[in-house]
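Biologist: Please take one part of this model and describe it closely. I would like to know what surrounds a single side chain and how its neighbours are arranged.

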Amino acid sequence: MNSTKYLTKTIDDFRSFFLKNRSKKDFFIKKTIEKVLNLTSAKFKNKEINFIKDIEDLPIFGFENELLQVLINILNNAEDALILNDIKNKLIFINVYKKNNDCIIEIKDNANGIPQHIIEKVFEPYFTTKHKSQGTGIGLYMSQEIISKHMYGKIEVKNTNFFFENEQYYGALFKITLPLK
């Protein structure tokens, strides 16, 4: 039932994506991330993907449902990469912290990163690494549009090496910077 309600809301959100009469609201980032994880937890659990979270609860003023879409899109892409690369210990890290007057949301995985020759293209419309039946190449483009034009922030991606529990990993790191309320 929650998924049905969410999908209905998603359709409504995409309908209103280009409308000018939407209104921004106050929300806390921790609750938004909890909504995302509640909506997606079953499929991630079934695929044995573990989340490591370090979330500072910060106030945001903007379009919560659009940010929710961005987060789901990034997590779905991480899931696809973890499965495609046959990663045994599948991990997704979500870190949220305050830096200066901004909320920083970092999402990284241990799926071996994005190939260097395409990393600069991932936010282009219709660019996809997936088979035509699985991807349209619109998700990260729309995510960038939402973050930059609707939330007045920025979204970046890079590959990164990191350690977790004495193991070294390599993966993609998406960094979203949003102005704090």
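Modeller: Leaving aside neighbours within four places in sequence, lysine 108 is in contact with Leu91, Ile92, Phe93, Thr160, Phe162, Ala172 and Leu173. The model is predicted. Lysine 108 itself belongs to strand E5, which covers residues 102-109.

Lysine 108 is buried but has no salt bridge. Glutamate 106 is the nearest side chain of opposite charge, and it is 6.2 Å away, while a salt bridge would need the side-chain nitrogen within 4 Å of a carboxyl oxygen. For phenylalanine 162, it is 4.2 Å from the ring centre. For phenylalanine 93, the charged end of lysine 108 is 5.4 Å from the centre of the ring it sits over.

Phe93, Phe162, Phe164 and Tyr169 are linked into a cluster by ring pairs. In total, the structure holds five aromatic pairs. In one of them, the ring centres of phenylalanine 93 and phenylalanine 164 are 5.1 Å apart and their planes stand at 80°, so this pair is edge-to-face. It links distant parts of the chain, with phenylalanine 93 in strand E4 (residues 90-99) and phenylalanine 164 in strand E6 (residues 154-164), 71 residues apart. Phenylalanine 93 has a relative accessible area of 5%, so it is buried.

Another edge-to-face pair is formed by phenylalanine 123 and phenylalanine 174, at 6.3 Å centre to centre with 90° between the planes. Phenylalanine 123 lies in the loop between E5 and helix H4 (139-150), and phenylalanine 174 lies in strand E7 (residues 167-179), so this pair ties together parts that are 51 residues apart in sequence. Both phenylalanine 123 and phenylalanine 174 are buried.

Strand E7 also contains glycine 171. Glycine 171 has 0% relative accessibility and therefore counts as buried.

Key
Residues numbered from 1 in each chain as written. Predicted model: local features only at pLDDT ≥ 70, side-chain atom pairs only at ≥ 80, totals over all residues. Heavy atoms only, no water. Helix = DSSP H or I, 4+ residues; strand = E, 2+ residues; numbered from the N terminus. Buried < 20%, exposed > 50% of the residue type's maximum accessible area, 1.4 Å probe, protein only. Lys, Arg positive; Asp, Glu negative; His and termini not counted. Contact = heavy atoms within 4.5 Å. Phe/Tyr/Trp six-rings, centres within 6.5 Å; stacked < 30°, edge-to-face > 60°. Lys NZ or Arg CZ within 6 Å of the ring centre and 35° of its normal.
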